[in-house]
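Me: Could you walk me through part of this model? I'll jump between topics as we go.

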Amino acid sequence: MIFVDGLPYPAPGSQSRGQGRELLASLLDHPALISASNRLKATPERKVSVSDQSPPVKHVYVFQREYATVDPAAVELVGMDEATTCVGLVIRNRNNGMTSISHMDFPKVVDKGLIQMLSLVADHEAILDVHLIGAFNDASNEHDNDIPGSEGLREQDGYSMCLCSKIIDALHNSHENFHLQTLCVLEHNTKRDSNGNACPIISGIVVNTLSGSIMPASFARSSRCPDEIVRRIRVTVSSEDSSWKGRLLKTYDTFDDKFHIAPCYWLSDWGQIAFSLQQLSDSEILLRCSTSPSAESPDFVENERSIWSYLIQYPDWRQTFVGGKPRVFKRTSNGGWQRN
């Protein structure tokens, strides 16, 4: 169930506002949520890097289709970026500060993903604050790519609308009470670039787990550690691994403050596929591999090529996840990460 300004939404006994996209449209017009979006957009972006403070602030970063739940006693900041048609979903227990964040990228991971996020956050006394940020209005953009798993989305609505509608529907139908604090998506998170292309105003966020405050953010490459390439690869190939079907990718162990990069297998022919993809031009990579070619960050193509180079070098997933075990990383005193 969804609450806005402390009240159930829609109000009991009121005329039904439907579910999914109808409910989403109604929420986007709510004055309190419009004000929250405007305040967020007026907040200066925080640039997060491992060396921006001494001693380093402990933070956790999630990539696309990952989630992490953090304890404020161990981690001060948690965040994500690089979101265009994806949604940064934050659920925070107001009583104890336990905070879960995900980089939702596809409607089919929402239902199970929400259960994963709630597993360490919800309890019978929980007051759950929720934020949705990202997913610019791409309805007018062309979707002529062949991204795995994108079939079945309604092109005229765009990827963002389908994902946002599914998340709102899942929150509304849940037995948990979600206090929606921020809904900065779609038209509230869209601007035009110098060429007239639609793009997101905010593509990254960071949450202060102690205070619950949230602000726009971008992360330096050094702060997206550990194991960046392998974690990006899991997003690319996880659709072939039935153990991850409909689920967010497990990444971080809440209790020991370590990254446990759970194994994901891929077919050996990915080496050949990656070699073929490496032959594409930069513009072809954007068109074939992005849901929003005109809105991607400048290093999108470089990141894709890094993934393919790794798959060419290590086509057998067992070379990466030796013995089918997670890749474990612990914090170092200087804010970095060390492989166990």
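This is a predicted model: local features need pLDDT of at least 70, side-chain atom pairs count only at pLDDT 80 or more; totals for chains, interfaces and linings use all residues.

**Strands and a helix pair**

Me: What about the numbering and confidence limits?
Reply: Residues are numbered from 1 along each chain as its sequence is written. Local features need pLDDT of at least 70, side-chain atom pairs count only at pLDDT 80 or more, totals for chains, interfaces and linings use all residues, and side-chain values use heavy atoms, leaving out hydrogens and water.

Me: How many bridges join S16 to S17?
Reply: Two bridges join S16 (residues 252-253) to S17, and the strands run antiparallel; pairing requires at least two DSSP bridges. Asp-253 has Lys-258 as its bridge partner in S17, and in the hairpin, with four residues between the strands, Asp-257 takes a positive phi near 50 degrees.

Me: And S18, how does that pair with S17?
Reply: S18 (residues 327-331) pairs with S17 in the antiparallel sense over three bridges, and His-260 has Val-328 as its bridge partner in S18.

Me: Switching to helices, at what angle do H5 and H8 pack?
Reply: H5 (residues 228-237) and H8 (residues 300-313) pack at about 90 degrees, with axes 9 Å apart, and are therefore roughly perpendicular, a term covering 65 to 115 degrees.

Key: Axes are lines fitted to C-alpha atoms, for helices over the stretch in contact, and angles run from 0 to 180 degrees between N-to-C directions. Angles under 35 degrees count as roughly parallel, over 145 as roughly antiparallel, 65 to 115 as roughly perpendicular and the rest as oblique.
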